[in-house]
Amino acid sequence: MSKLLAAALVTLMPLAALAATSRTAVLEVQNMTCELCSVTVKKSLEKVAGVSQARIDFARKRATVTFDADMTSTTALVKVTTDAGFPSTVQK
Ligand SMILES: [Cu+2]
């Protein structure tokens, strides 16, 4: 590999990292009746590989999830909360 090519790769690497399909989805979560439920939902979401952050709005019954779309999907997020006892749907 030429030095020039190597230098170009090193330069482009951070751009590739930025382009890593970070997405945010909002889930409407059912069955959250107390603060402990929201902790359960948060933990179940954060266990999913590719999820970097899950924020729960207990009052609005919503979960805002930041994830890498190359590693997981909204379908997987919905499944994991549903499996934990809190069926959810993706808010459009
Ligand atoms: Cu609860």
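1. Among contacts in the protein chain between residues at least 6 apart in sequence, 62% join residues at least 24 apart, where two residues are in contact if their C-beta atoms, placed from the backbone, lie within 7 Å. The model is a predicted one, in which local features need pLDDT of at least 70 and side-chain atom pairs count only at pLDDT 80 or more, while totals for chains, interfaces and linings use all residues. Residues are numbered from 1 along each chain as its sequence is written.

2. The protein chain holds three helices and four strands, and from the N terminus on these elements follow the order α-β-α-β-β-α-β. Helices (H or I, at least four residues) and strands (E, at least two) are DSSP runs, numbered from the N terminus. Of the 92 residues of the protein chain, 20% count as buried; a residue is buried if 20 or more other C-beta atoms lie within 10 Å of its own, exposed if 12 or fewer, and partly exposed in between, with C-beta atoms placed from the backbone.

3. The four strands form an open sheet in the order β2-β3-β1-β4, with antiparallel pairing, and two strands are taken to pair if DSSP finds at least two bridges between them. Because β2 and β4 (88–90) stand at the edges, each with a single partner strand, one side of each is left without a neighbour in the sheet. Between the antiparallel strands β2 and β3 there are six bridges, and I56 stands opposite A63 in β3.

4. Helix α2 packs on this sheet, touching β1, β2 and β3, and its direction makes about 165° with that of β2; here axes are lines fitted to C-alpha atoms, for helices over the stretch in contact, and angles run from 0 to 180 degrees between N-to-C directions. The buried residues of α2 are S38, V41, S44 and L45. They cover an arc of only 125° around the axis, which puts them on the same side of α2, the arc being that of the directions from the helix axis to the C-beta atoms. On the other side of α2, the residues E35, L36 and K43 are exposed.

5. In α3, the buried residues are L77, V80 and T81. They cover an arc of only 95° around the axis, which puts them on the same side of α3, whereas the face of α3 turned away from its buried side carries the exposed residues T75 and D83. The cover over the buried residues of α3 includes β1, α2, β3 and β4.

6. The largest nonpolar core has 14 residues, and those with the most contacts inside it are V29, V41, L45, A54, A63 and V65. At least two residues of this core come from each of β1, α2, β2, β3 and α3. A nonpolar core is a set of buried Ala, Val, Leu, Ile, Met, Phe, Trp, Tyr and Cys residues joined through C-beta atoms within 7 Å. Not counting residues up to four places away in sequence, V29 touches V41, K61, R62, A63, T81, F86 and S88.

7. Some backbone angles deserve a check. N31 has a positive phi of about 75° although it is not a glycine, and its place is in the loop between β1 and α2. K61, also not a glycine, has a positive phi of about 60°, and K61 is found in the loop between β2 and β3. With 19 other C-beta atoms within 10 Å, K61 is partly exposed.
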